[in-house]
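Welcome! Have a look at the model below, and then let us walk through it together.

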Amino acid sequence: MPVPLLDLRAQLATIRDEVTSAMMDVVDSQLFILGQRVEELERSVAKVSHTKYAVGCASGTDALLLALRALDCGPGDEVITTPFTFFATAGTIHNVGAKPVFVDIDPRTFNILPEAAAAARTPRTKTCVPVDLFGQMAPIEQVMTALPGLPIIEDAAQTIGARRSIDGEWRMAGEVPTIGTFSFFPSKNLGAFGDGGMMVTQDDALAARLKRLRMHGGAKQYFHDEVGFNSRLDALQAAVLSAKLPHLEAWSAKRRANAAYYSAAFADVSDVVTPYVEPANESIFNQYTIRVPRRDDLQAFLKDKGIGTAVYYPLPLHLQPCFSYLGYKAGSCPESERAAGEVLSIPIYPELTTSQLDEVVEQVRAFYGR
Ligand SMILES: Cc1ncc(COP(=O)(O)O)c(C=O)c1O
């Protein structure tokens with residue numbers, strides 16, 4: 001039985017009428033750029049994230065770029081982050097003219113080690129970008145304690161709606177740092193019908209600046225306080241996302257249930273290391289990522305059986321050719337390098353049927369002779 005890594009058509013089948021009617025409202029209005037639909041979504045995302053403001057933009061990459069610019073990050077500055085993440089986290093640091101400083105990850109969660117971030121701080125450090133990988137939040141409060149006085153950008157591209165218990169209170173992804181950034185890339189738990197992103201913050205002045213930066217740096221049309229970007233979320237994407245948002249919690253809960261199903265089914269397979277979620281975290285399982293020996297062989301075996309998988313991420317960013325100028329060598333971030341050779345993400349999307357889950361379990365077990 002084929003089991004794709006992700007089946008967005010299965011999701012569409014459950015919400016087709018709501019989404020198409022929301023899209024047709026926009027088409028009928030012929031108002032496509034920013035406007036009421038985008039503002040509605042911004043209010044809803046701010047509510048989900050427990051933040052005062054949410055500002056839509058063109059992608060999760062641009063959300064990082066605008067956040068870095070809003071913190072005046074540029075040439076001569078250093079930005080601490082991890083190399084085991086999607087390229088955009090570090091590409092945007094480079095693109096504002098700053099220097100990415102890579103620190104290693106906690107091998108259990110794939111998220112930043114606060115003590116490593118503290119050790120990498122220099123007088124040039126402008127900000128730190130902890131990444132919430134695969135659906136669980138980084139230890140954001142520990143990063144903030146480890147880097148006192150430093151503004152923090154939480155790359156929450158993969159964690160909208162995830163939460164973490166901090167001092168006995170649930171805190172949402174994006175709630176606690178200076179700026180949180182989301183991606184609405186179609187494969188995210190809340191995915192658009194194209195590109196989209198959003199920034200969240202509690203800070204009045206930063207919210208106003210982020211709004212300016214996404215519109216060529218001007219608060220008033222044709223008057224520019226600074227040079228910004230054209231990075232707007234369009235009304236069609238906002239309509240799709242607003243129609244999907246009421247389902248987000250249930251979809252993420254189903255992903256958690258699928259994750260629990262897999263983890264129980266692999267419990268006696270010593271070759272398969274199942275995802276570790278910190279007790280303080282509630283993951284939204286954007287990915288279910290196992291660590292295994294003979295990973296490439298397992299991936300080829302599953303492909304042969306019609307099971308979709310992916311390697312997120314095969315080459316850590318400190319070893320990417322484009323960053324050779326930074327001078328990192330193999331061995332600089334050993335846990336990230338080891339993870340890159342062992343990880344495999346398997347299907348976890350909410351619409352998976354029990355027989356599909358069983359098929360994945362059976363084939364993985366079969367590969368390891370169970
Ligand atoms: C961790 C991380 N950061 C940033 C991004 C960039 O988001 P986008 O693809 O919307 O530009 C992504 C999404 O792919 C991501 O996973």
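Which element gives the most residues to the shell around the ligand? Helix H3 does, with 3 residues. Before going further, a word on how to read this: the model is predicted, so local features need pLDDT of at least 70 and side-chain atom pairs count only at pLDDT 80 or more, while totals for chains, interfaces and linings use all residues. Residues are numbered from 1 along each chain as its sequence is written, and side-chain values use heavy atoms, with hydrogens and water left out.

Let us start at the ligand. It is surrounded by 16 residues, and the closest are Gly60, Thr61, Asp155, Gln158 and Ser183 (a residue is near a molecule if one of its heavy atoms lies within 4 Å of it). By type, this shell holds 6 nonpolar, 8 polar and 2 charged residues; here Ala, Val, Leu, Ile, Met, Phe, Trp, Tyr, Cys and Pro count as nonpolar, Asp, Glu, Lys and Arg as charged, and the others, Gly among them, as polar.

Some of these neighbours make polar contacts, meaning pairs of N or O atoms within 3.5 Å. A polar side-chain atom of Thr61 is 2.5 Å from an oxygen atom of the ligand. For Gln158, a polar side-chain atom lies 2.8 Å from a ligand oxygen atom, and for Gly60 a backbone N or O atom lies 2.8 Å from an oxygen atom of the ligand. The protein covers 93% of the 380 Å² of accessible area that the ligand has on its own (areas come from the Shrake-Rupley method with a 1.4 Å probe).

Where does the ligand sit? The space it takes is the largest pocket; a molecule sits in a pocket if more than half of its atoms lie within 2 Å of the pocket's grid points. The elements that give two or more residues to the shell around the ligand are helix H3 (60–70) and helix H4 (88–95), where helices (H or I, at least four residues) and strands (E, at least two) are DSSP runs numbered from the N terminus.

Now for the pocket itself. On a 1 Å grid over the protein atoms alone, a pocket is an open set of points with protein on both sides within 12 Å along at least five of seven lines, a cavity is a set where a 1.4 Å probe fits but cannot get out, and lining residues have an atom within 4 Å of a point. About 500 Å³ of space lies in the largest pocket, a volume being the space filled by probe spheres set on the points, which are joined across faces, edges and corners. Of its 30 lining residues, Phe86, Gln158, Phe185, Ser187 and Lys188 are the closest to the centre. The lining divides into 14 nonpolar, 11 polar and 5 charged residues.

The structure also holds 2 cavities of 30 Å³ or more. The largest has about 120 Å³ of space, and among its 13 lining residues Leu133, Phe134, Gln136, Pro275 and Tyr276 lie nearest its centre.

Finally, visit two loops. Between helix H10 (295–304) and helix H11 (334–342) lies Tyr313, and the peptide bond from Tyr312 to Tyr313 is cis, with omega near 15 degrees. Asp167 is in the loop between strand E6 (163–166) and strand E7 (169–172); its phi is near 50 degrees, a positive value in a residue other than glycine.

Terms used
A polar contact is a pair of N or O atoms within 3.5 Å; within protein, one must be able to donate a hydrogen and the other to accept it, and residues adjacent in sequence count only if both atoms are side-chain atoms.
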